[in-house]
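Please have the sequence and structure open while reading.

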Amino acid sequence: MTAEDDQLRHAFARVRDEVGKAVVGQGGAVSGLIIALLANGHVLLEGVPGVAKTLLVRSLSAALALETTRVQFTPDLMPGDITGSVVFDPATARFEFREGPVFTNILLADEINRTPPKTQSALLEAMEERQVSVDGVSHRLPEPFIVAATQNPIEYEGTYPLPEAQLDRFLLKVTLPLPERDTELEVLRRHSAGFDPRALGAAGVTAVIGAAEIAAARASVTRVGARDDVLGYVVDLARATRQSPSVRLGVSPRGATALLAAAKSWAWLSGYDAITPDHVKAMAVSVWRHRIQLRPEAELEQVTPDAILQSILQQVQVPI
């Protein structure tokens, strides 16, 4: 690792500190968002209402000198409301493309499962290809570009579950738990002292890095090495998900490459020149929990993807 790498890692540590001025006790979710940013991936945030999913993304955006757009997904939202559309301009007597909110650096897709599949699918090309095609013309999205989507895991009335193809576009699925007592007490202390989640500037959250630093960090992440035995470990884990008796559809090769990318980002943040099995194990559940489909009998027995993945991590031999 070079001195520049150390400076970049210090900068991302400052991002965590800035987010901590507004969000308490969600360090794992903050790390997930930073890893997705480094790995050029997207994040699905899942948690019950009131655990700071939206505030977390807004705080991260405030700590980055990037353009951010929030879209509240509703049942009447149309694809053009996200991607943009071609409109007639009377002043020029020509049809022109007007960019939608997806033309940003960080797109906060709030309650993404409340909009119909037709509108959900409007994000597929943007998430995978980093472009939007309208009337046969492709429009590139700015760099960096990530989607941070939120959804509620318990309220299903009026929702449209994301199809497997779209879930697979998310690098990570991060669950936000209810806080411990001490953490919740700190939340109340801050609100009692006048904290307003709608005014992050008043909370002191300021931008500390921008697109140039993110691009440099991404270039450093790509230089993180991976031995053949560690790559083989990733493959063995992926194959084990396909052979599990509780799983109907296991992790695909794209899921394996996603785990590699996330492990590299975590290794770089931790100051390593190459990934280790520990980095793979640390990221496996978050990267794969939304990529496996359970058999109906497993769901009836209330088996969870997290439990299956933890079992596989214990059973598959770790390279020495």
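The model is predicted, and in it the peptide bond from Glu143 to Pro144 is cis, with omega near -5°. In general, most peptide bonds are trans.

Most residues other than glycine have a negative phi. Glu111 has phi near 50°, a positive value, and is not a glycine. Glu111 belongs to the loop between strand S6 (106–110) and helix H5 (117–120). Its relative accessibility is 28%, so Glu111 counts as partly exposed.

Gln302, which is not a glycine either, has a positive phi of about 60°. Gln302 is located in the loop between helix H13 (296–300) and helix H14 (305–315). Gln302 counts as exposed because its relative accessibility is 69%, and the cut-off for exposed is over 50%.

In soluble globular proteins, nonpolar side chains tend to be buried together. The largest nonpolar core here has 72 residues, and Phe12, Val15 and Val280 touch the most other members. Helix H2 (residues 27–38) gives this core its largest share, 8 residues.

Beyond its neighbours within four places in sequence, Val15 is in contact with Ile34, Leu60, Ala63, Leu64, Val208 and Ile209.

How values were computed
Residues are numbered from 1 along each chain as its sequence is written. This is a predicted model: local features need pLDDT of at least 70, side-chain atom pairs count only at pLDDT 80 or more; totals for chains, interfaces and linings use all residues. Side-chain values use heavy atoms; hydrogens and water are left out. Helices (H or I, at least four residues) and strands (E, at least two) are DSSP runs, numbered from the N terminus. Buried means under 20% relative accessible area, exposed over 50%, partly exposed in between (1.4 Å probe, protein chains only). A nonpolar core is a set of buried Ala, Val, Leu, Ile, Met, Phe, Trp, Tyr and Cys residues joined through side-chain atoms within 4.5 Å. Contact means heavy atoms within 4.5 Å.
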